[in-house]
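Trainee: I have a model open and some questions about it. Can we go through them one by one?

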Amino acid sequence: MRNPSSSIFSKWSSDVRQVIRQIIDMQGNNVSGHLNVLNTSVTHLRRKYRPIEIDKTCVTRLQVVIPLTCPTKYADLLAQPITTEELLSALRSGAKHKTPSIDGFSLEFYIANWDTIKQDLLELMNQMILHKKNHSSSETWHHTLLKSKGDRTANGYRPISLLTTEYKLLARTMARRLRHLLKDRLHTSQFCGVPGNSILEAASLVRDVIAYSESSGSPLCVLTLYFQHAFDRISHHYLLQILHRYGISEWFIDRLHALYKNTTASVQINGTLAGPIPIQSAVEQGCPLCMILYALCLHPLLRTLEDNLPGIRLGRLTGSPPSRRIR
């Protein structure tokens, strides 16, 4: 029988640009040779995804800036079984022609055989969300490394995740449900991923504020914060604590936790799979939930800045959500 991993990773291993012949470890040593490169990369990724220590006092302070919400407000929406319509919508909204995970089943396979497998697939999805019975392949993520331009260090290779289609369907469905919460709670402070907000509006607001400063002669400081490897720096403990403050039910948080708990990764380097690598931190880039979970984690910091820094207040119509401040 054909080795499934050879076909899945063929487009990566056949491209000479993806062959890692040398790599610089975290001590600055130049490492060469297949096994040495492999071991250096695995060691780096194990360190990258190890648990992140957090200051509990700081977490408490960040939780306080999030207004309390009735714990049952989103319960009915988040805890209901997945419907056929939700599952079909998750299938249709997935990106096409993507490399599948180790099981070899692509999104196109599920779409082409929808009429045949829809009942079994729906039962599987509900077993995963209602009873936390994740498929074993969903608990093992498969990474390939993509090199950042001009950076030959181990940290310069970004792991690209190849997640199973079942995992992505479940995560996409959960993400769609959480968007209602984002629309209620994050509408005034964030643009990415929030229904009703557009990145074009953010650019327009910055442009208008700069124009106002120039025309009125008001001093202005525009501050840009860059979070390096932002998705990788999310503590799972912090994530779970913050989600409670938003009024998300313990039931749903427990299901989110189940997606990350006991998860490991293997990494493909020069055609070889190596691991396991425990995933004990981070929200995985490529997971449909990652942007929403990151936005919820970032929101307390943005609220703290809004409450403590002076800025130009942008008014809204009466009855609209509170106005934004642009720094």
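Mentor: Start with a term: helices here are DSSP runs of H or I with at least four residues, numbered from the N terminus. Keep in mind that this is a predicted model.

Trainee: Which helix gives the largest share of the lining of the second largest cavity?

Mentor: Eight names line that cavity: His-236, Leu-239, Leu-240, Leu-243, Leu-256, His-257, Tyr-260 and Leu-293. Helix H11 (236–245) and helix H12 (250–260) each supply at least two of the lining residues. The largest share is four residues, and it comes from H11.

Trainee: How many charged residues are in that lining of the second largest cavity?

Mentor: The volume of this cavity is about 50 Å³. Its lining has six nonpolar and two polar residues. The count of charged residues is: none.

Trainee: How many cavities of 30 Å³ or more does the structure hold?

Mentor: A probe the size of a water molecule, rolled over the atoms, shows where empty space is left. With the 30 Å³ cut-off, the number of cavities is four.

Trainee: Now the second largest pocket. Which element gives the most to its lining?

Mentor: This pocket holds about 560 Å³ of space. It has 27 lining residues, and the closest to its centre are Ala-95, Lys-98, Ser-161, Lys-168 and Gly-286. Helix H2 (10–13), helix H7 (107–112), strand E4 (157–162) and H9 each supply at least two residues. With five residues, the top contributor is E4.

Trainee: Are H6 and H9 roughly parallel or roughly perpendicular?

Mentor: Helix H6 (residues 84–92) packs on helix H9 (residues 165–185) with the axes 9 Å apart. The angle is about 110°. Angles of 65 to 115 degrees count as roughly perpendicular. So H6 to H9 is roughly perpendicular.

Trainee: Which residues of H9 meet H6?

Mentor: From H6 come Glu-86, Leu-87, Ser-89, Ala-90 and Leu-91. The contact divides into four nonpolar, two polar and four charged residues. On the H9 side, the residues are Leu-169, Arg-172, Thr-173, Arg-176 and Arg-177.

Trainee: Is Ser-41 buried or exposed?

Mentor: Ser-41 sits in helix H3 (residues 34–48). Leaving out residues up to four places away in sequence, Ser-41 touches Ile-23, Leu-145 and Ile-269. Its relative accessibility is 3%, and buried means under 20%. So Ser-41 counts as buried.

Trainee: Is His-97 buried or exposed?

Mentor: His-97 lies in the loop between H6 and H7. It has a positive phi of about 60°, although it is not a glycine. Its relative accessible area is 71%, and the cut-off for exposed is over 50%. So His-97 is exposed.

Trainee: What is the relative accessible area of His-229?

Mentor: His-229 is in the loop between helix H10 (199–216) and H11. Its phi is positive too, about 50°, and it is not a glycine. His-229 is partly exposed, with a relative accessible area of 29%.

Trainee: Which residues does a cis peptide bond join?

Mentor: Look at strand E6 (residues 272–278), where Pro-276 lies. Omega is about 0° for the bond joining Gly-275 and Pro-276.

Trainee: Last one. What percentage of the residues in the chain is buried?

Mentor: The chain has 13 helices and eight strands. Of its 327 residues, the buried share is 43%.

Conventions:
Residues are numbered from 1 along each chain as its sequence is written. This is a predicted model: local features need pLDDT of at least 70, side-chain atom pairs count only at pLDDT 80 or more; totals for chains, interfaces and linings use all residues. Side-chain values use heavy atoms; hydrogens and water are left out. Axes are lines fitted to C-alpha atoms, for helices over the stretch in contact, and angles run from 0 to 180 degrees between N-to-C directions. Angles under 35 degrees count as roughly parallel, over 145 as roughly antiparallel, 65 to 115 as roughly perpendicular and the rest as oblique. Contact means heavy atoms within 4.5 Å. Ala, Val, Leu, Ile, Met, Phe, Trp, Tyr, Cys and Pro count as nonpolar, Asp, Glu, Lys and Arg as charged, and the others, Gly among them, as polar. On a 1 Å grid over the protein atoms alone, a cavity is a set of points where a 1.4 Å probe fits but cannot get out, and a pocket is an open set with protein on both sides within 12 Å along at least five of seven lines; lining residues have an atom within 4 Å of a point. Grid points are joined across faces, edges and corners, and a volume is the space filled by probe spheres set on the points. Buried means under 20% relative accessible area, exposed over 50%, partly exposed in between (1.4 Å probe, protein chains only).
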